[in-house]
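Biologist: Hi! Could you walk me through the aromatic rings in this one?
Modeller: Happy to, here it is.

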Amino acid sequence: MTDSYIMGYSEAYLRILSSRSTADTCRYLMPCLKPGLRVLDVGCGPGSISAGLAEAIRPGELHGIDIDPSQVEMAAQEAVDRGVTNAKFSVADLRDLPFEDSSFDVVHCNDTLAFIPDTEAPLNEMKRVLKSGGILGWREMIMDLFMTYPDPDPHPASQAYAIFADTLEADDGHPQMGKELAEHLDQAGFANIRMSASFEVFAGTERLKLLYDLSEQWFFMPDVQIPATQYGAATPRMFETLKQSIERWYHATGAIGAFAFGEALAVKP
């Protein structure tokens with residue numbers, strides 16, 4: 001396991017994180033939210049989702065945590081910019097949450113545990129801080145369902161995501177975590193588990209460029225290429241041909257890309 005977050009915090013990736021809204025990513029969770037609840041958002045990132053959660057539960061309290069100080073700072077600023085006054089943010093490790101037992105009505109976790117080798121500890125901590133009858137909303141990628149269209153032959157653009165999935169797995173991550181949510185939740189002792197799925201779609205000029213820029217500023221950079229080649233997930237030649245493939249995909253008429261996510265709602269007994 002490497003010491004750093006494999007996704008990094010490139011400008012392109014931060015723009016994707018900041019583009020995520022509560023309405024899109026938390027559609028499965030929104031019916032469970034109401035004014036006055038106390039909600040914890042673990043792995044809050046730059047706070048675009050957190051601010052929306054805080055708005056949904058106002059005048060309740062939203063606490064957002066992230067292990068990276070830069071993300072906590074961005075999340076706090078996002079709340080200020082949106083006039084959200086019922087959200088607090090702090091640096092914390094979700095494997096050792098700095099909150100008392102049974103202190104939250106809802107815990108939200110989006111696209112986070114796939115990058116952490118030990119799934120059991122975070123789930124136990126999230127369960128610990130939930131009140132009895134409290135709800136966990138958990139959403140993670142299903143990386144083998146990444147879709148691009150069109151996929152130019154002979155090196156489809158979607159193969160780049162397969163290389164990343166192999167690299168993440170070699171780094172002790174969980175690239176198919178979105179499929180496995182119910183199993184993990186059952187093992188952690190949660191009840192009333194309900195599964196669903198959704199896509200994060202990149203289509204149209206602005207959204208498509210977000211995904212293209214991510215490949216340019218992250219996937220084809222040394223931070224990804226070096227571990228991918230070291231783990232045997234790819235070769236330098238593969239990266240060269242994939243770069244050409246992604247260029248053809250990006251400039252094709254009607255190009256589209258989409259990330260698949262598994263979603264789960266579960267209750268602490």
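Biologist: Which charged end sits over the ring of phenylalanine 220?
Modeller: That of lysine 243, at 4.9 Å from the ring centre. A charge sits over a ring if NZ of Lys or CZ of Arg is within 6 Å of the ring centre and within 35 degrees of the ring normal. Arginine 207 likewise lies over the face of phenylalanine 202, 4.4 Å from the centre of that ring.

Biologist: What should I know about the model?
Modeller: This is a predicted model: local features need pLDDT of at least 70, side-chain atom pairs count only at pLDDT 80 or more, and totals for chains, interfaces and linings use all residues. Residues are numbered from 1 along each chain as its sequence is written, and side-chain values use heavy atoms, with hydrogens and water left out.

Biologist: How many aromatic pairs are there?
Modeller: Twelve. Rings of Phe, Tyr and Trp (its six-membered ring) pair if their centres lie within 6.5 Å; planes under 30 degrees apart count as stacked, over 60 as edge-to-face and the rest as tilted. Phenylalanine 99 and phenylalanine 104 make an edge-to-face pair, 5.0 Å centre to centre with 90° between the planes.

Biologist: Is phenylalanine 104 buried or exposed?
Modeller: Buried, at 0% relative accessible area. Phenylalanine 99 counts as buried too, because its relative accessibility is 15%; the cut-offs are under 20% for buried, over 50% for exposed and partly exposed in between (1.4 Å probe, protein chains only).
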